[in-house]
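Here is a short report on one protein chain. It starts at a single residue and then widens to the whole chain.

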Amino acid sequence: MLKKIPGESLPERNPPIEMDTGVFRALGHRLIDDIADFLSSITDYPVTTGPSPRSLQASLPKTMPLTGMSPAVVVDETWNLLVNNSLFNGHPRFWGYITSSPAPMGMLGDLMASAINSNCGAFVLSPMATEIEKQTIQWLGEFIGYPAAGGIMVSGGNMANFVGFLAARKAKAGWDVRKLGLEPSKGKWRVYTSAETHTWISKAVDLFGLGLDIIQWMAVDEDQKMKSSLLDQKITEDKNQGFIPLMVVGTAGSVGTGAVDPLLEIAAVCKKHDCWFHIDGAYGGFAAALPELKNIFNGIELADSIAIDPHKWLYSPLEAGCTLVKDENALTDAFSFHPAYYNFDGEEEPQTNFYERGLQNSRGFRALKVWMAFRQVGAHGHIQMIREDIELATRLFEHLKKYPDIETFTHHLSIVTFRYRPAYIGKTSDPEYLNKLNQGLLNRLQAGGEVFPSNAVLDGKFLLRVCIVNFRSGIGDIESLPDIILREGKIIHEQMQKD
């Protein structure tokens with residue numbers, strides 16, 4: 001209730017969401033202690049307890065609260081809910097998909113960002129945050145050897161690739177695509193990408209009105225890399241038939257196997273045919289910083305745009321993605337509008353307003369955790385951790401080869417693929433049986449919480465996949481994996497034999 005202040009017309013507010021400074025300090029200290037204890041003992045937990053939706057729903061409040069409760073109770077109950085019912089991608093044996101172990105410095109950065117609560121859409125709303133984001137973007141480009149003139153922090157790989165895609169659409173349209181839309185293209189545009197490309201490209205052509213049929217899926221070689229000679233041939237054929245090559249997407253670390261396309265060769269094809277060269281480096285792009293891998297990433301500097309994800313291989317807490325562009329005008333040309341209700345133009349010095357460079361107007365301060373981690377460990381520290389992840393994957397690949405019942409397939413960057421194949425099945429065993437066996441094994445491993453791999457599908461084969469982007473993983477963790485695979489695989493195999 002509002003209380004009247006003597007002599008004043010407006011009552012004094014007592015907002016229930018405000019918190020006493022002493023209470024906030026005590027809760028904050030206790031929560032930080034709980035988080036620190038959790039991080040120091042994370043190996044005592046399973047990667048996940050594999051909770052069911054029904055069990056989780058039963059642990060939540062039954063109805064929306066109409067009155068409040070003690071802040072201490074809210075914090076304590078919430079922390080217990082999360083610790084007892086979550087998957088921990090910070091666990092040293094989490095190797096599924098591509099989400100890294102979160103850096104403690106990033107956690108503190110997110111706390112700071114929430115406290116200041118900058119709206120990074122406009123400079124006037126986020127002066128220091130804007131300049132830190134600009135510097136972070138430049139550092140990310142410098143780190144991977146890309147001469148970025150501009151960019152923007154986004155939520156992750158999908159959004160980072162979407163921004164590059166929309167920049168290409170505006171830059172390569174021979175008409176005012178923002179005013180006239182896609183009608184002038186009349187279905188003539190073509191997008192070229194490898195069959196190993198992440199599903200973001202399908203989402204992009206669908207959501208942005210071009211249609212799935214414009215994608216030309218290019219074949220890959222035995223190392224899962226795009227065949228650039230076929231790319232040149234296909235674009236030439238399409239142009240002769242009246243189609244317009246809009247863009248080529250090269251992959252710097254495919255999601256399934258970690259393969260890196262021949263970027264230098266693709267860049268030459270794009271230059272020859274005047275099409276936009278975009279690189280999806282959301283996972284593998286950061287490995288370009290390693291001197292010993294420079295030859296694999298030759299050509300990355302020639303891209304018109306690149307998507308990278310600090311929450312994949314720079315160990316940032318979610319969310320942290322980034323689009324880099326060679327021409328910063330490509331972003332403002334594609335996204336900038338100036339409504340009358342915005343008054344964000346600086347009177348004296350030029351100001352950067354990130355709402356003009358991407359899809360969001362209101363934006364959180366994602367760059368801070370990335371920037372702080374760079375300051376903590378430096379480029380050399382990041383290179384060391386990425387190199388160690390790759391070395392662990394190499395050791396795992398060689399270690400798996402020692403086991404007759406495990407069949408290895410690929411190793412690129414820090415991703416290894418393999419499958420459980422009992423020796424007594426025989427070489428002529430049903431391929432579908434092996435697929436079901438390994439899918440059942442994966443489900444059991446993921447639910448069991450001892451380790452957490454994911455999967456890849458290669459030439460119709462369902463494979464187990466380990467992706468190491470985890471600074472907490474060690475030799476002991478990866479050397480434990482084969483015995484777990486054999487033990488759990490035998491259980492699934494025996495169950496299937498009985499069915």
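Helices and strands here are DSSP runs, numbered from the N terminus; a helix has at least four residues and a strand at least two. The model is a predicted one.

**One residue**

Start with Q224. Where is the place of Q224? Q224 is in the loop between β5 (215–218) and α9 (228–240).

Is Q224 buried or exposed? Its relative accessible area is 6%. Buried means under 20%, so Q224 is buried.

Which side chain makes a polar contact with the side chain of Q224? The partner is the side chain of H412, at 3.0 Å. H412 is also one of the residues in contact with Q224 when neighbours within four places in sequence are left aside.

**The whole chain**

The chain holds 15 helices and 13 strands. Of its 499 residues, 48% count as buried. Take contacts between residues at least 6 apart in sequence: 71% of them join residues at least 24 apart.

The overall dimensions are listed here.

| Property of the chain | Value |
|---|---|
| Radius of gyration | 25 Å |
| Box filled by C-alpha atoms, along the principal axes | roughly 90 × 60 × 45 Å |
| Accessible surface | about 24600 Å² |

A compact globule with 499 residues would have a radius of gyration near 23 Å, so the chain's 25 Å agrees with that. Carbon and sulfur atoms account for 54% of the accessible surface.

The chain has 47 positive and 58 negative side chains. The centres of these two sets lie 4 Å apart.

Terms used:
Residues numbered from 1 in each chain as written. Predicted model: local features only at pLDDT ≥ 70, side-chain atom pairs only at ≥ 80, totals over all residues. Heavy atoms only, no water. Buried < 20%, exposed > 50% of the residue type's maximum accessible area, 1.4 Å probe, protein only. Polar contact = N/O pair within 3.5 Å; in protein donor to acceptor, adjacent residues only side chain to side chain. Contact = heavy atoms within 4.5 Å. Rg over C-alpha atoms; globule rule 2.2 N^0.38 Å. Areas by Shrake-Rupley, 256 points an atom, 1.4 Å probe, with all protein chains shown as cover. Lys, Arg positive; Asp, Glu negative; His and termini not counted. Charge placed at Lys NZ, Arg CZ, Asp CG, Glu CD.
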